[in-house]
Amino acid sequence: MGYDKSNHFASFITARGGRHTQDQDNDQSNSVTDVKQLGLWASIASLSYVFWICGGMEMVERLAYYGARMVSGLYATDAASNGGVGMTETELGTIFLVWAVIQTWTPVFTGGLSDRYGYKETIFFSTVFKILGYLLMAMLPTYWGFMAGAATVAFGTGIFKPGIQGTIVKATSRKNSSMAWGIFYQTVNIGGWIGPLIAVRLQVLAWDQVFYACAGIISLNFLLLLTYKEPDKQARLERLAQAKDEKPLWRESLDELKNPVLIWYIVLFSGFWAMLMFFWDIAPLYFRDWVDTVPLVTAWFGADGTSNETAIFLLGMSEDGKVITPVGLVSFNSMLIMTCCFIVAGLSGRLKAANSMAIGTFLASSAFIIMGSLNAAWIIVLAIFCFSIGEMLSSPKSSEFMGNIAPPDKKAMYLGFSQMPIGIGWTAESFFGPYLYGKWSSKEQISREVLSEHGLSISDIDAIPVGEAFDHLVMVSGESARVITEQLYMTHNVGGIWYLMAAIGIISALGMYQYGRWMYRIAIVDA
């Protein structure tokens, strides 16, 4: 990358780079350079009650969100005879595309509103929208009904992020920010782990019960808001009183987005988010279609599985305790982050932010190569572990990085900008991920192709309801479902889609490494 010495960029680096004083560190100065972090326990002890309230609200919001999001692909592509919507992967991709665009681009435009009019207010209204969205999902089990619910949830989530993350920045200092964001990310994954496990249990009753439960869970944030106190509220009110002299919000946002530091961050980190969202969107479908978890259950509990209700719940197992569901397998990711993130955060505090993000992205890419190579359950668990370590090194650091370079009065705006790489990566993945999965890896679509080899006409195959083609193939072939699955896996390159995403991640990791060298070289030159 070249070094642009334009006056605008030079002033940006001068304001955000350079040497620090002790007072600047305490006042959350915005800089691309690193500040020595407090130790593990000192960092934890230094966090204020406002931080922990925000962690609680984030955990509740994520518990509801991931409870719905994790099962949404399974619900949408499940056969109507099973209570699903009966969509194809391509139709699912259009819903995921709308969901991604609204959720990730909303905070880019509303982050500044949180700075001007209050974090508490935007958190309140986001909760109202999310409740409405989950209710729409529950009550309208059709393509357009689910689309409306997804769009409403996405909008509510989009206006929630800047307020909650802006509070985190204001409630922490440069010396405890690595640990703070690590713990905050850990609370995200407490919800990300427990929410889907609750969904697995409710799914047995009926799909709509999942979404009704999510509406009830997110409403708990109204209670937590009663204890929330916005940091630096007086400064915001004084700024609002002078709003008539300020630039229009859209103009401020565009001016900030001219900074090359932001532009390159957005471009490079988009690859990581494409990979992360690919895992969440596609892994449940891939694990459902191709991964047999019986060997895991047999190794842990014996050939008959387990009847222990606690184990069945925590591992996301089927009701009979003999297999781990796709949602349960994906939830290993959140469980690992929930239990290990503060440790990884302590270690990553010794790394420069860009280097931590580059290493994490490379590890996540390596995990995808493993997933694409073998579908043995133990290998998949190893890949999930590798992916989770990579995520812990990358995602919390990205929020910390953006919060640290942001001007003091534009924290929520910059954290809104942090959604832009998510927006680019997730928007691209949300359609192409399900679409390519349907073309290359879907057991449903591959089964329809193979059925033609058994003498079924195109019209007969088209008449099979979506989600039931594999069952017809098993019936026509006379073989067991396990044998047919193994045959399809061996004769089709179903893992190729993981290699494609891994390549994107490796390119991003290399770019992040160079970006970090560029950033710190500039900081030294302009200091």
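**Entry 1: a buried ring and its partner**

I began with Phe211, which is buried, with a relative accessible area of 0% (buried means under 20% relative accessible area, exposed over 50% and partly exposed in between, using a 1.4 Å probe and protein chains only). I noted for myself that this is a predicted model, in which local features need pLDDT of at least 70 and side-chain atom pairs count only at pLDDT 80 or more, while totals for chains, interfaces and linings use all residues. I also noted that residues are numbered from 1 along each chain as its sequence is written, and that side-chain values use heavy atoms, with hydrogens and water left out.

Next I looked up ring pairs, and the structure holds 31 aromatic pairs (rings of Phe, Tyr and Trp, the last by its six-membered ring, pair if their centres lie within 6.5 Å; planes under 30 degrees apart count as stacked, over 60 as edge-to-face and the rest as tilted). Phe146 and Phe211 form one that is edge-to-face, with 6.1 Å from centre to centre and 65 degrees between the planes. Because Phe146 belongs to helix α7 (residues 143-170) and Phe211 to helix α9 (residues 207-218), this pair ties together parts that are 65 residues apart in sequence. Phe146 is buried as well, with a relative accessible area of 0%.

I then turned to Phe431 and Phe432, whose ring centres are 5.4 Å apart and whose planes stand at 80 degrees, so this pair is edge-to-face. Phe431 is partly exposed at a relative accessible area of 23%, and Phe432 is partly exposed at 47%.

**Entry 2: a cluster and a charge**

I followed ring pairs into a cluster whose members include Tyr65, Phe96, Trp99, Phe278 and Trp498. The charged end of Arg69 sits over the ring of Phe96, 3.9 Å from its centre, and also over the ring of Trp99, 4.3 Å from its centre (for this, NZ of Lys or CZ of Arg must be within 6 Å of the ring centre and within 35 degrees of the ring normal).

Which side chains make a polar contact with the side chain of Asp289? I found Arg288 at 3.3 Å and Tyr437 at 2.7 Å (a polar contact is a pair of N or O atoms within 3.5 Å; within protein, one must be able to donate a hydrogen and the other to accept it, and residues adjacent in sequence count only if both atoms are side-chain atoms). Asp289 lies in helix α13 (residues 260-290) and is buried, with a relative accessible area of 7%. Leaving aside neighbours within four places in sequence, Asp289 is in contact with residues including Ser441, Lys443 and Thr485 (contact means heavy atoms within 4.5 Å).

**Entry 3: the whole protein**

Buried residues make up 59% of the 527 residues.

Note on methods. Helices (H or I, at least four residues) and strands (E, at least two) are DSSP runs, numbered from the N terminus.
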